[in-house]
Amino acid sequence: MRTCSGATLLSLLLAGTLMAPQGSAIAEMPAQPQTPAAAPAWPPNFSRNVQGTGLPGIDGGHVFLWNRPQGFDPVSTLRVDRHVPEGSGEATHTYKAIWALGSSGPNNAGYEWTITGELHNRALASTGAQNVAVNGTIFKEANGLGPVGPSWAGNFNCVDTTDEPDPVASCIGAEVDVSAQSPTTDRNRQRVGLQISTGGVPGAHTGYGILMGNLTGSVTDRGFSFQGEGTYGIGIDAAAGRFTGPAILLGSGQSIGLDGNRDGGFSRSLGFDGRDLVYGLGGAPVFRVSDTGQVEAASVREAMPRPPQSSSAPCNPGEHAWDAAYEYRCVAPNRWKRATLSDW
């Protein structure tokens, strides 16, 4: 196969070879529609192995589309429409509107990026413009027949087929990097690694903001992990949120490790064991509080004794205090009694 030169490809594009197929919806139209010129005959150096299939092809070589209109141009530089009619396709088979396939060899030291979206944004913040390098939007629309199937606006997978028991290099499903190129501050907190906006119109309900899940039998070492050589101001900030329930929800038998290290080791924990709120040390309970308010502790030390000034000092039944000579107990509202302390 021979490659198509840049000049030949450009003339082919300008002549109208890459047009939307008949019957497809055309949402973007120029202000003054023009009748496209008839497509020229296939050039001899254009790949012929796809002729008759409806798919023009280029065998090797570089393809570069450059668009810098003199004025505002609302029309896409390159558009691919794929409209799937009802009753088509095979179950579990994945079809692609655009498929970019790349590969690398064992000794390839270059960074191979299959698809790259890059945008140089110079618009003023005062314009309110929202500039996006890559956007994926899916509209889940009614079909008039029944419930609509699941929808993903973006899907990223890293499938490890190496069978390496302890990999030395990462397999990352998605990475989000946000960086500043000079020492600076961010008092307005506008550099955000990941923003998730849910809801829609007032009254719309969203089940989860972030949902972690794994398959039966699989193991995930960390659901969320903070790492790196830098510092964090606050690990999890729920102060500005409005909650109808607890900000953090734990199930029975779950606990919070209080002195953990990056390897996951800890000795102190706080949680609910199915019966009591338990503070534990080394896996053994040190302090318990039951639902009825019953407290179990190895010992109790009152750092501030606060003895009453008289037997009628303000108090609520159950309060107690002490000093060097007496133990005090509130037996009724504003009614104290005391017992003498002695050596033995």
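Me: Which aspartate is joined to the side chain of arginine 288 by a polar contact of 3.1 Å?
Reply: This is a predicted model. Arginine 288 has its place in strand E4, residues 284-290. A polar contact of 2.9 Å joins its side chain to that of aspartate 273. The contact of 3.1 Å is with the side chain of aspartate 276.

Me: Is arginine 288 buried or exposed?
Reply: Leaving aside neighbours within four places in sequence, arginine 288 is in contact with residues including Leu277, Val278 and Val295. Buried means under 20% relative accessible area. Arginine 288 has a relative accessible area of 16%, so this residue is buried.

Me: What is the angle between the planes of phenylalanine 226 and tyrosine 232?
Reply: A pair of aromatic rings is described by the distance of the centres and the angle of the planes. For phenylalanine 226 and tyrosine 232 the distance is 5.3 Å centre to centre. The pair is edge-to-face, and the angle between the planes is 75°.

Me: Which term describes the pair of tyrosine 326 and tyrosine 328, with planes at 55°?
Reply: Planes under 30 degrees apart count as stacked, over 60 as edge-to-face and the rest as tilted. The ring centres of tyrosine 326 and tyrosine 328 are 6.1 Å apart. Their planes are at 55°, so the pair is tilted.

Me: Which residue lies over the face of tyrosine 326?
Reply: Tyrosine 326 is partly exposed, at 24% relative accessibility. At 3.8 Å from its ring centre, the residue over the face is arginine 338.

Methods: Residues numbered from 1 in each chain as written. Predicted model: local features only at pLDDT ≥ 70, side-chain atom pairs only at ≥ 80, totals over all residues. Heavy atoms only, no water. Helix = DSSP H or I, 4+ residues; strand = E, 2+ residues; numbered from the N terminus. Buried < 20%, exposed > 50% of the residue type's maximum accessible area, 1.4 Å probe, protein only. Polar contact = N/O pair within 3.5 Å; in protein donor to acceptor, adjacent residues only side chain to side chain. Contact = heavy atoms within 4.5 Å. Phe/Tyr/Trp six-rings, centres within 6.5 Å; stacked < 30°, edge-to-face > 60°. Lys NZ or Arg CZ within 6 Å of the ring centre and 35° of its normal.
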